[in-house]
Amino acid sequence: QLVESGGGLVQAGGSLRLSCTPSGGTFGRRGMGWFRQGPGKGREFVAAIDWPGAITRYADSVKGRFTISRDNAKNTLYLQMNSLKPEDTAVYYCAAREGSTVTISEYTYWGQGTQVTVSS
């Protein structure tokens with residue numbers, strides 16, 4: 001089980017940092033990712049990171065604005081979101097996969113999500 005935190009309401013142009021931790025145990029040597037689901041939309045890939053954290057991948061819509069990172073000693077995954085736009089409004093989910101590489105699919109473990117709302 002994964003637990004996200006850090007969501008909230010922010011004005012356009014603002015920043016938020018999301019965090020994700022395991023409710024029990026550790027992430028292990030797993031690749032991790034962030035996904036989001038906006039109002040009336042399907043879930044979409046946002047960013048991914050490998051273990052131990054050297055390689056990252058981003059959706060084109062967030063490239064240059066969002067940064068994914070992980071602190072393996074603290075078992076915490078982060079998503080730093082800058083220059084937020086109203087279209088970034090969504091529920092953001094943390095996910096983990098069994099492999100250690102970067103991928104936009106094949107995630108096994110999911111969190112409950114945290115709401116991010118960006119006002120114009």
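## Backbone details in the loops

Pro52 has its place in the loop between E5 and strand E6, the latter covering residues 56–58. In this predicted model, the peptide bond that joins Trp51 and Pro52 is cis, with an omega of about 10 degrees.

Ser83, which is not a glycine, has a positive phi of about 50 degrees, and its place is in the loop between strand E8 (76–81) and E9.

## Strand E4 and its partners

Strand E4, which spans residues 32–37, has five of its six residues buried, so the strand is largely enclosed by the rest of the structure. E4 pairs with strand E5 (residues 43–49) in the antiparallel sense, over six bridges, and within this pairing Arg36 has Glu44 of E5 as its bridge partner. The hairpin of E4 and E5 has five residues between the strands, and in this hairpin Gly40 takes a positive phi near 70 degrees.

E4 also pairs with E9, in the antiparallel sense and over six bridges.

## The four-stranded sheet

Which strands form the open sheet, and in what order? The sheet is made of four strands in the order E1-E3-E8-E7, and the pairing is antiparallel. Its edge strands are strand E1 (2–5) and strand E7 (66–71), each of which pairs on one side only. From one strand to the next, the twist averages 15 degrees.

As for the pairing of E1 with E3, the two strands run antiparallel and are joined by four bridges; Leu2 has Pro22 as its bridge partner in E3. Strands of a sheet pair through backbone hydrogen bonds, in either a parallel or an antiparallel arrangement. In a regular strand, the side chains alternate between the two faces of the sheet.

## The disulfide

How many disulfides does the count come to? The count comes to one disulfide, which is formed by Cys20 and Cys94, with their sulfur atoms 2.0 Å apart. The link of Cys20 and Cys94 is left-handed, with -70 degrees about the S-S bond. Cys20 lies in strand E3 (residues 16–22) and Cys94 lies in strand E9 (residues 90–96), so the pair ties together parts that are 74 residues apart in sequence.

Are the two cysteines buried or exposed? Cys20 is buried, with a relative accessible area of 0%, and Cys94 likewise counts as buried, at 0% relative accessibility. Both assignments follow because the buried class is defined as under 20% relative accessible area.

## Overall form

The protein has eleven strands and zero helices, and its elements, from the N terminus on, run β-β-β-β-β-β-β-β-β-β-β. Among the contacts between residues at least 6 apart in sequence, 57% join residues that are at least 24 apart.

The C-alpha atoms of the protein fill a box of roughly 40 × 25 × 25 Å, taken along the principal axes. The radius of gyration is 13 Å, which agrees with the value near 14 Å that a compact globule of 120 residues would have. Of the 120 residues in the protein, 43% are buried, while the protein exposes about 6000 Å², of which carbon and sulfur atoms supply 47%.

Technical notes:
Residues numbered from 1 in each chain as written. Predicted model: local features only at pLDDT ≥ 70, side-chain atom pairs only at ≥ 80, totals over all residues. Heavy atoms only, no water. Disulfide = S-S within 2.5 Å. Buried < 20%, exposed > 50% of the residue type's maximum accessible area, 1.4 Å probe, protein only. Pairing = 2+ DSSP bridges. Axes fitted to C-alpha atoms, helices over the stretch in contact; angles between N-to-C directions. Rg over C-alpha atoms; globule rule 2.2 N^0.38 Å. Contact = heavy atoms within 4.5 Å. Areas by Shrake-Rupley, 256 points an atom, 1.4 Å probe, with all protein chains shown as cover.
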